Amino acid sequence: RSLADARRRSIEALKAFKRATTAKATHTDANLNIAFISIRFRDYETAEKSLDIALKDPKQAKNFEAVLAMGVAKRGLKKFAEAEEYYVKASKLNGKDPRPHYNLGILQHEHVSATKDDSKAQEAVFKVAKTHYAKFVSLAGGGKKWKTLVDDAKGRMLVIDDAIVAFRTAEKMQAEAERLEALEKKQQAEERKRLLDMEKAAEAEAAAAEKAAASDAAKPKEEP
């Protein structure tokens, strides 16, 4: 019930903030609140639009939470390159906050990697993701505040390690399959050559025998 109440309150707040933007479309605080609530509801398009308005306010240009939220909105809209730009910007605005690196890890690990068609490209992206997860863990420290996300990041690093091992195994299996295929083709070619040589030898032997028989037939026969 508490979750339902929280959702209801968020919806009511969202309506109020939207009324504020109806009166003034560039209302910074209203747009920021609309964006933060919209992200909770996964309405990334609305969040992006509202953050774009809010971040044009010079006073909000270095608003860490807003910049980080824009990264989330961009990621939700599959604008991965833009999402990365905002996450990196957020990390520069507040180098002590670990969240940009966690989000960069998720971006690379779950989203950018899915756009790659081969294992080598995926591995390169996974390694970038692991670097960000490690940075997040380092910045987060051992306190309770980030414990859940730290455990998640550590688990994701293990998953990446397993994936890379799987890539190596698959590569070895592929190489062995290619070696066996090449060997089979070579053996087949050698067998075809052997049979062809045998056929040619048989034809030559038959021709020689025919020639010998013709030569014998052409010799004058002795009278009895």
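# Pocket, rings and cores

By class, eight nonpolar, one polar and two charged residues line the largest pocket. Here Ala, Val, Leu, Ile, Met, Phe, Trp, Tyr, Cys and Pro count as nonpolar, Asp, Glu, Lys and Arg as charged, and the others as polar. The model is predicted: local features need pLDDT of at least 70, side-chain atom pairs count only at pLDDT 80 or more, and totals for chains, interfaces and linings use all residues. Residues are numbered from 1 along each chain, and side-chain values use heavy atoms, without hydrogens or water.

**Exercise 1. List the lining of the largest pocket and find which helix supplies the largest share.**

Step 1. Take the volume: about 180 Å³. A pocket is an open set of points on a 1 Å grid where a 1.4 Å probe fits, with protein on both sides within 12 Å along at least five of seven lines; lining residues have an atom within 4 Å of a point.

Step 2. List the lining. Phe36, Ile39, Glu65, Leu68, Ala69 and Val72 belong to it, as do Arg99, Tyr102, Asn103, Trp146 and Leu149.

Step 3. Assign helices (DSSP runs of H or I, at least four residues). At least two lining residues come from each of H2 (28-40), H4 (64-76) and H6 (99-112).

Step 4. H4 gives the largest share, with four residues.

**Exercise 2. Start from Tyr102 and trace its aromatic cluster.**

Step 1. Search the whole structure: three aromatic pairs turn up. Ring centres must lie within 6.5 Å; planes under 30 degrees apart are stacked, over 60 edge-to-face, the rest tilted.

Step 2. Pair Tyr102 with Tyr133. The centres are 6.3 Å apart, the planes make 50°, and the pair is tilted. Tyr102 sits in helix H6 and Tyr133 in helix H7 (residues 119-140), so this pair ties together parts 31 residues apart in sequence.

Step 3. Pair Tyr102 with Phe136. This pair is also tilted, at 5.2 Å between centres and 55° between planes. Tyr102 in H6 and Phe136 in H7 are 34 residues apart, so distant parts of the chain are linked.

Step 4. Check burial (under 20% relative accessible area is buried, over 50% exposed, partly exposed in between; 1.4 Å probe). Tyr102 counts as buried because its relative accessibility is 13%. Phe136 is buried at 0%. Tyr133 is buried too.

**Exercise 3. Describe the largest nonpolar core and the surroundings of Leu51.**

Step 1. Count: the core has 24 residues. Such a core joins buried Ala, Val, Leu, Ile, Met, Phe, Trp, Tyr and Cys through side-chain atoms within 4.5 Å.

Step 2. Find the residues with the most contacts inside the core: Leu51, Tyr87 and Leu107.

Step 3. Assign helices. H2, H3 (44-54), H4, H5 and H6 each give at least two core residues. H4 has the largest share, eight residues.

Step 4. List what Leu51 touches, leaving out residues up to four places away in sequence: Leu32, Ala35, Ala66, Ala69 and Met70. Contact means heavy atoms within 4.5 Å.

Step 5. Look beyond this core. Apart from it lies another, of 16 residues, among them Ala153, Met157, Ile160 and Phe167.

**Exercise 4. Decide for Glu48 and Ala81: buried or exposed?**

Step 1. Glu48 lies in helix H3; Ala81 lies in helix H5 (residues 80-93).

Step 2. Glu48 is buried because its relative accessible area is 12%. Ala81 is at 52%, so it counts as exposed.

Step 3. List the contacts of Glu48, neighbours within four places aside: Met70, Ala73, Lys74, Leu77 and Lys79.

Methods. Grid points are joined across faces, edges and corners, and a volume is the space filled by probe spheres set on the points. Rings of Phe, Tyr and Trp (its six-membered ring) pair if their centres lie within 6.5 Å; planes under 30 degrees apart count as stacked, over 60 as edge-to-face and the rest as tilted.
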